[in-house]
Amino acid sequence: MSPITRGFRRREPSGDDSRLPPGQHLVGGFPVLSAGPTPHTPLDQWTFTIDGMVDESLRWTWEELRALPAEPVHCDIHCVTSWSKLDTEWEGVSLDTLLDGVATEADYVTAWCDGGYTTNLPIEDVTDGRAWVAFGYDGRPLEPEHGGPARLLVPHLYLWKSAKWVRGITLRPDNEPGFWEALGYHQRGDPWQEQRYWGD
Amino acid sequence: MDETMLDGNAAAGDFQELFAVEVTQMVGVCAGCGLTGPLAEAHMFSLAPGLTLRCPGCDAVLARLVHLPDRTLFELRGLLRLEVS
Amino acid sequence: MRAETPRAITLALDVPEWPGHRAGQHVDVRLTAEDGYRAQRSYSIASPPLASVLEITVERLEDGEVSPWLAGEAQPGDELELRGPIGGYFVWEPARGGPLLLIAGGSGLVPLMCIERLRRAAAPEIASTLLVSARSQEDLIYAEELSEGAAVVTYTREPPPGWTGYARRVDRAMLTEVAPPPEQRPHCYVCGPTSFVEVVAEALVALGHHRALIKTERFGATGG
């Protein structure tokens, strides 16, 4: 039982608490969290791939991805380390656009990234307008420290599912635990059910 | 240069829960590239859901640590060998 | 509690059954708020092993979690949670010999000053060179103590008026002028922000110092 430290409290701006999932607090900045060094893939070498349970893998170069219809995304984001940011503005290509016309029986996807990070999601959590490949944040190109040139954005789940430096998704029949899911973190990660860890 | 990156010195306190000998006094061998060196010189990333130690040569994950509410999980797959002298 | 600079203070800690420590080690300090929120940071021990009082020096970081409390709110008699001493790599004792080359960036000076204080007290015959990089005179920790010795200071942002010493980041040329040559096989300890440590360690290697004799400890820019 830790002793209470007199006069110590967390720093936090005041804000609209009612929009916060349980156990979250607002932050002013945009914390940079990473499990490794920031990758720097040149755009002329960058591709996004959809493979796995598909008849044929699909691949887009950066130009091809940017030529697809993109849309603004206005959302709140919630990190499992307990900070949240409300009303963030992104721009990206919906995964529905990328999966348009793709026939698959996959129940799950694994997103994989430069630097080796992976995360797993049920396929219904990345379809029907719930997920994007995001390349813009706050009206500007996404910064490398925040996942640029492009990251996965799945705002209805904890932010560790919004894989930074995403390079592709693999469609699979099974739920293969990703980088953090293999070491204690919840397979799905719904902040409103506080699904942070195994067994939550 | 990632200013948020530290080194194995900063991981020593957390790894005390697992090892009787301090992690900074161990020499590790990277299972990825074979680089051998003191774990104190491993690159540490801990502004994250967990702590990650990476090989300073090839960036492969050497070890990870996650604090859950009721227990701590360790993964050491990236270390081919640990030496304690 | 003792102010070292406008932003840094040294705190004396009374730890029951403190086992003693080695120069270069650190402690992990954890603070707990009433709502259960906890924050933890590592701080190098400033007092040498033979001193009667355990001391840490804390620099208050603007957006820090723990340092604003330690270097702003803490009062004598306050209780905090501490783990340590920690560190078996970035340590020195007289038995290891010398000469010593201690290169500090910002608050990286704390563990190196601990080593230097131990050397002065227990093995003054071992030679040491202390090179300290600070942004300005206001940021220089232990300024008075440093001026009593032969430390070399370089200011990277704002040298004091009339300053005739180094006024730039540590580089190979400076190390060539200040450091013992590699043939003397100095034990090198480099501590400070990550980018500082990387630049200095590589410069030492480029000058011919053996990697095995260079020990590094990186402090985070966001630590605090």
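Biologist: Which residue is the bridge partner of Asp28(C) in strand 4 of chain C?

Modeller: The bridge partner is Ser42(C). Please note that this is a predicted model.

Biologist: What makes strand 3 of chain C and strand 4 of chain C a pair?

Modeller: Two strands pair if DSSP finds at least two bridges between them. Strand 3 and strand 4 of chain C are joined by 7 bridges in the antiparallel sense, and they therefore count as a pair.

Biologist: Why are strand 4 and strand 6 of chain C called edge strands?

Modeller: Strand 4 (38-44) and strand 6 of chain C each pair on one side only. They belong to an open sheet of 3 strands in chain C, with the order 4-3-6 and antiparallel pairing. From one strand to the next, the twist averages 20°.

Biologist: How do you know that chain C touches chain B, and how many residues are in contact?

Modeller: Residues count as being in contact if their C-beta atoms, placed from the backbone, lie within 7 Å. By that criterion, 18 residues of chain C are in contact with 17 residues of chain B. Strand 6 (81-86), helix 5 (194-206) and strand 11 (214-219) of chain C each supply at least two residues of this side. The residues of chain C that touch chain B divide into 5 nonpolar, 8 polar and 5 charged.

Biologist: Which elements of chain C give two or more residues to the side that touches chain A?

Modeller: In this interface, 14 residues of chain C are in contact with 10 residues of chain A. The elements in question are strand 3 (26-32) and helix 1 (67-73) of chain C. Strand 3 of chain C provides the largest share, 3 residues. This side of chain C divides into 5 nonpolar, 1 polar and 8 charged residues.

Biologist: How is the secondary structure of chain A made up, and in what order do the elements run?

Modeller: Chain A has 2 helices and 11 strands. From the N terminus on, the elements of chain A run β-β-β-α-β-β-α-β-β-β-β-β-β.

Biologist: Why is chain A called as compact as a globular protein of its length?

Modeller: The globule rule gives 16 Å for 200 residues, and the radius of gyration of chain A is 17 Å, which is close to that value; chain A is therefore as compact as a globular protein of that length. The C-alpha atoms of chain A fill a box of roughly 60 × 35 × 30 Å, taken along the principal axes.

Biologist: What percentage of the residues of chain A count as buried?

Modeller: A residue is buried if 20 or more other C-beta atoms lie within 10 Å of its own. Of the 200 residues of chain A, 37% count as buried.

How values were computed. Residues are numbered from 1 along each chain as its sequence is written. Chains are lettered from A and ligands numbered from 1 in the order in which they are written. This is a predicted model: local features need pLDDT of at least 70, side-chain atom pairs count only at pLDDT 80 or more; totals for chains, interfaces and linings use all residues. Two residues are in contact if their C-beta atoms, placed from the backbone, lie within 7 Å. Helices (H or I, at least four residues) and strands (E, at least two) are DSSP runs, numbered from the N terminus. Ala, Val, Leu, Ile, Met, Phe, Trp, Tyr, Cys and Pro count as nonpolar, Asp, Glu, Lys and Arg as charged, and the others, Gly among them, as polar. Axes are lines fitted to C-alpha atoms, for helices over the stretch in contact, and angles run from 0 to 180 degrees between N-to-C directions. The radius of gyration is taken over C-alpha atoms; the globule rule is 2.2 Å times the number of residues to the power 0.38. A residue is buried if 20 or more other C-beta atoms lie within 10 Å of its own, exposed if 12 or fewer, and partly exposed in between; C-beta atoms are placed from the backbone.
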